[in-house]
Amino acid sequence: MDKEKLLILKNWIEECDNIVFFGGAGVSTESNIPDFRSTDGLYNQKYDYPPETILSHSFYMKRTEEFYRFYKDKMIYKNAVPNNAHKILARLEKAGKLKAVITQNIDGLHQMAGSRNVLELHGSVLRNYCEKCRKFYDVDYIINSVGVPVCQCGGRIKPDVVLYEESLNTEITDKAIYHIQSCEMLIVGGTSLTVYPAAGFIDYYKGNKLVLINKDSTAVDGRANLCIHGKIGEVLKEVCQ
Ligand code: NAD
């Protein structure tokens with residue numbers, strides 16, 4: 001890792017007390033949850049349909065059983081625990097420096113690490129509800145169900161996850177945009193920035209401390225004021241010891 005860049009990041013984090021973090025699946029790969037687009041990510045494994053087809057609203061409606069087979073197998077990681085990235089971000093929030101974590105992840109690991117202001121753009125596998133009576137079900141109920149999980153009332157249970165073709169929750173997106181617009185430093189990490197509309201949110205940042213931390217390069221590397229290629233848990237550990 002480039003020592004000079006790490007030093008700049010360290011200094012910026014020390015100076016700033018209005019930081020916002022925007023992240024994606026790469027934040028949780030160090031917790032052994034595969035992302036979508038890395039070489040060993042889900043998109044490079046072979047299924048009958050591409051993941052974005054299976055994880056779409058129309059597929060869920062038409063082939064619910066097949067949806068759940070993939071979903072239970074590939075999207076739920078019950079034993080995953082927070083890694084250094086989640087833990088350090090939680091620590092920065094506690095120290096009053098970080099104002100919000102905006103995540104595309106659906107694994108609940110930021111909250112497990114202690115972060116409180118977490119804006120989950122794509123929902124969470126930990127929450128599920130009956131489509132008929134809205135009764136809430138936890139993730140264990142989904143894991144332990146055979147086939148399509150069904151409510152006591154007979155209704156079908158749906159994960160509180162934003163599927164492809166579904167729109168984002170406006171209350172959450174409004175808050176995310178507010179934080180991005182008003183923060184002093186925006187740290188973007190572990191995301192390929194290819195899933196819209198979420199990826200477009202960083203356009204709301206108008207400051208001069210846009211930091212990108214990603215294992216591989218992304219299409220927006222050139223726009224960042226500081227671009228660090230590396231594993232986010234390792235980078236944050238290096239600068240926030
Ligand atoms: P993505 O798979 O498209 O991209 C992940 C990016 O993170 C890649 O550019 C990769 O190089 C990088 N990366 C991987 N490991 C890293 C690490 N340790 N440190 C730094 N960078 C790392 O993910 P995305 O942009 O978040 O979009 C995928 C969509 O899939 C999201 O909408 C998300 O909801 C969903 N998803 C979520 C999870 C999860 O909740 N953990 C897992 C897979 C997919």
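The notes below start with the ground rules and then move to the ligand.

## Ground rules

This is a predicted model, so to speak a computed one: local features need pLDDT of at least 70, side-chain atom pairs count only at pLDDT 80 or more, and totals for chains, interfaces and linings use all residues. Numbering runs from 1 along each chain as its sequence is written, and side-chain values use heavy atoms, with hydrogens and water left out.

## Around the ligand

There are 28 residues around the ligand, and F36, R37, Q104, S192 and D216 come nearest (a residue is near if one of its heavy atoms lies within 4 Å of the molecule). Sorted by class, that shell has 8 nonpolar, 13 polar and 7 charged residues. For the bookkeeping, Ala, Val, Leu, Ile, Met, Phe, Trp, Tyr, Cys and Pro count as nonpolar, Asp, Glu, Lys and Arg as charged, and the others, Gly among them, as polar.

Which atoms of the ligand do D107, T191 and N214 reach? For D107, a polar side-chain atom sits 2.7 Å from a ligand nitrogen. T191 has a side-chain N or O atom 2.8 Å from a ligand oxygen, and N214 places a polar side-chain atom 2.8 Å from an oxygen atom of the ligand. The cut-off for a polar contact is a pair of N or O atoms within 3.5 Å. On its own the ligand has 860 Å² of accessible area, and the protein covers 96% of that (Shrake-Rupley method, 1.4 Å probe).

Two packed helices are described by the angle between their axes and the distance between the axes. Here the axes are lines fitted to C-alpha atoms over the stretch in contact, with angles from 0 to 180 degrees between N-to-C directions. Helices (H or I, at least four residues) and strands (E, at least two) are DSSP runs, numbered from the N terminus.

Helix α5 (residues 84-94) packs with helix α9 (residues 232-239) at about 40°, their axes 7 Å apart. The pair is therefore oblique, and the crossing is left-handed.

Helix α1 (residues 3-15) meets α9 at an angle of about 65°, with the axes 9 Å apart. That makes α1 roughly perpendicular to α9 (65 to 115 degrees; under 35 is roughly parallel, over 145 roughly antiparallel, the rest oblique). This crossing is right-handed: clockwise for the near helix relative to the far one, with anticlockwise by less than a right angle being left-handed.

The peptide bond from Y196 to P197 is cis, with omega near 10°. P197 belongs to the loop between β7 (185-189) and β8 (210-214).

R134 is not a glycine, yet has a positive phi of about 70°. Look for R134 in the loop between β4 (123-130) and β5 (136-137).

Conventions:
Polar contact = N/O pair within 3.5 Å; in protein donor to acceptor, adjacent residues only side chain to side chain.
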